[in-house]
Amino acid sequence: MGKFVIKKTATGLKFDLKAGNGEVIATSEVYTAEASCIKGIESVKKCCLGEIEDQTAETIERKKHPKFELYQDQAGEYRFRLKARNGQIIATSEGYAAKASAEKGIASVKKNAPEAKIVKAK
């Protein structure tokens, strides 16, 4: 089962969504307060079942928020970001060499986030 791990950074707090095997699936922005970080986690839990907007497709079929945006970065890697109902980015992925790997990452967020426990990094 997945878990949200809250950890301190130099400028605040952030969370990582980790799969059952411990791999990081998605990461948040940096928050200044723990309460805001937890609200971000709750937003991911609520929005993670959104549709996928494939921005790498020849014809992009726009989806309503909440949604995952699958895109290719300037280095040619595939990434995804989860956007909330208000259009704000609430979680992002690492870069993947293959589009299929990014799609598996989205599937993992959809599987793990809804029931994931919240823990604090030690």
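Is Thr9 buried, partly exposed or exposed, and what is its relative accessibility? Thr9 counts as partly exposed, at 27% relative accessibility, where buried means under 20% relative accessible area, exposed over 50%, and partly exposed in between (1.4 Å probe, protein chains only).

## Basis of the report

This is a predicted model, in which local features need pLDDT of at least 70 and side-chain atom pairs count only at pLDDT 80 or more, while totals for chains, interfaces and linings use all residues. Residues are numbered from 1 along each chain as its sequence is written, and side-chain values use heavy atoms, with hydrogens and water left out.

Thr9 lies in the loop between E1 and E2; helices (H or I, at least four residues) and strands (E, at least two) are DSSP runs, numbered from the N terminus. Apart from neighbours within four places in sequence, Thr9 is in contact with Lys14 and Val30, contact meaning heavy atoms within 4.5 Å. Thr9 and Tyr31 are 22 residues apart along the chain, and their C-alpha atoms are separated by 9.3 Å.

Tyr31 belongs to the loop between E3 and H1 and counts as buried at 9% relative accessibility. Its contacts, leaving aside neighbours within four places in sequence, are Thr11, Gly12, Leu13, Phe15, Ser36, Cys37 and Gly40. Between Tyr31 and Lys63, 32 residues apart in sequence, the C-alpha to C-alpha distance is 27 Å.

## Helix H1

Helix H1 covers residues 34-47. H1 has 14 residues and reaches 20 Å from its first C-alpha to its last, close to the 20 Å expected at 1.5 Å a residue; the expected span is 1.5 Å times one less than the number of residues. Cys37, Gly40, Ile41, Ser43, Val44 and Cys47 are the buried residues of H1. Seen down the axis of H1, these buried residues fall within an arc of 160°, so they line one face of the helix; the arc is that of the directions from the helix axis to the C-beta atoms. The face turned away from the buried side carries the exposed residues Ala35, Lys39 and Lys46.

The buried residues of H1 pack against strand E1 (3-8), E2, E6, strand E7 (89-92) and strand E8 (117-120). One of these buried residues is Ser43, with a relative accessible area of 18%. Beyond its neighbours within four places in sequence, Ser43 is in contact with Ala84 and Ile90.

## Helix H2

Helix H2 (residues 99-112) has 14 residues, and its first and last C-alpha atoms define a reach of 20 Å, close to the 20 Å expected at 1.5 Å a residue. In H2, the buried residues are Ala102, Gly105, Ile106, Ser108, Val109 and Asn112. Viewed down the axis of H2, they fall within an arc of 160°, so they line one face of the helix. An α-helix has 3.6 residues a turn, so residues three or four places apart point the same way.

Exposed Lys104 and Lys111 are carried on the face of H2 turned away from its buried side. The cover over the buried residues of H2 includes strand E2 (13-18), strand E3 (24-27), strand E4 (51-54), strand E5 (67-72) and strand E6 (78-83).

Ala113 is found in the loop between H2 and E8 and counts as buried at 0% relative accessibility. Not counting residues up to four places away in sequence, Ala113 touches Phe4, Leu17, Val44, Lys45, Cys48 and Ser108.

The largest pocket has a volume of about 160 Å³. On a 1 Å grid over the protein atoms alone, a pocket is an open set of points where a 1.4 Å probe fits, with protein on both sides within 12 Å along at least five of seven lines, and lining residues have an atom within 4 Å of a point. Grid points are joined across faces, edges and corners, and a volume is the space filled by probe spheres set on the points.

Ala19, Asn21, Glu23, Val24, Ile25, Glu94, Tyr96, Ser101, Lys104, Gly105 and Ser108 form the lining. E3 and H2 each supply at least two residues of it, and the largest share, four residues, comes from H2. By class, the lining has four nonpolar, four polar and three charged residues; Ala, Val, Leu, Ile, Met, Phe, Trp, Tyr, Cys and Pro count as nonpolar, Asp, Glu, Lys and Arg as charged, and the others, Gly among them, as polar.

## The loop between E4 and E5

Pro66 is found in the loop between E4 and E5, and the peptide bond from His65 to Pro66 is cis, with omega near 0°. Most peptide bonds are trans.

Lys64 also has its place in the loop between E4 and E5 and is exposed, with a relative accessible area of 73%. Lys64 and Arg85 are 21 residues apart in sequence and 8.1 Å apart in space, C-alpha to C-alpha.
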